[in-house]
Amino acid sequence: MTVHIDNFILQQTAASICCLDDKGMPHCFSCFYAYNSKDHLLYYKSSADTRHSLHLRSNPHVAGTILPDKLQKLVVKGVQFEGELLSEEHELSKTAATQYYLQNPMAVAIPGIVWTIRLDQIKMTDSSFGFGKKIFWQRED
């Protein structure tokens, strides 16, 4: 992944994520996240019984966006991503809680599960490099 995309994701705190229900209808939710730049993983915390958690059990594919925490109206910047929610037993999910709580220590007091999204594809728009400049990344596995 490019250093520019990694740095952008590391500097932000919230994502908007979309999943599909059992009828193929989209459902979006917002969450605070922690980012593992080594393995290109997003960690977020949510209850197991939320609408999106139930949808993701049957269809783990997600799409989402990350915008700057502080928007600048004259500079278009943000990330669109596609990925997959990994099971709690997946090898890449084993350190999810530890990494999430390092970045969000107050979240320890809130009930829920720390989930892992494996990022598979990213498109970043950054007009600070010129209007409409796009940077692409795709997982090679």
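Author: Start with the term. A salt bridge is a side-chain nitrogen of Lys or Arg within 4 Å of a carboxyl oxygen of Asp or Glu. Side chains of opposite charge can pair when their charged atoms come close. This is a predicted model: local features need pLDDT of at least 70, side-chain atom pairs count only at pLDDT 80 or more, and totals for chains, interfaces and linings use all residues. Residues are numbered from 1 along each chain as its sequence is written, and side-chain values use heavy atoms, with hydrogens and water left out.

The whole structure holds five salt bridges. One of them joins D39 and K38, with 3.5 Å between the closest N and O atoms. K38 is exposed at 68%. D39 is partly exposed at 22%.

Next, take K77 and D126. Their closest N and O atoms are 3.9 Å apart. K77 sits in strand β5 (residues 77-86) and D126 in strand β6 (residues 113-126), so this pair ties together parts 49 residues apart in sequence. Strands are DSSP runs (E, at least two residues), numbered from the N terminus. D126 is buried, at 0%. K77 is partly exposed, at 27%.

Now turn to D120 and R139. Their side chains meet in a salt bridge of 3.3 Å, N to O. D120 lies in strand β6 and R139 in the segment after β7 (134-138), so the pair links parts 19 residues apart in sequence. R139 is buried, at 18%. Salt bridges with shared partners join E84, R118, D120 and R139 into one network.

Note on methods: Buried < 20%, exposed > 50% of the residue type's maximum accessible area, 1.4 Å probe, protein only. Helix = DSSP H or I, 4+ residues; strand = E, 2+ residues; numbered from the N terminus.
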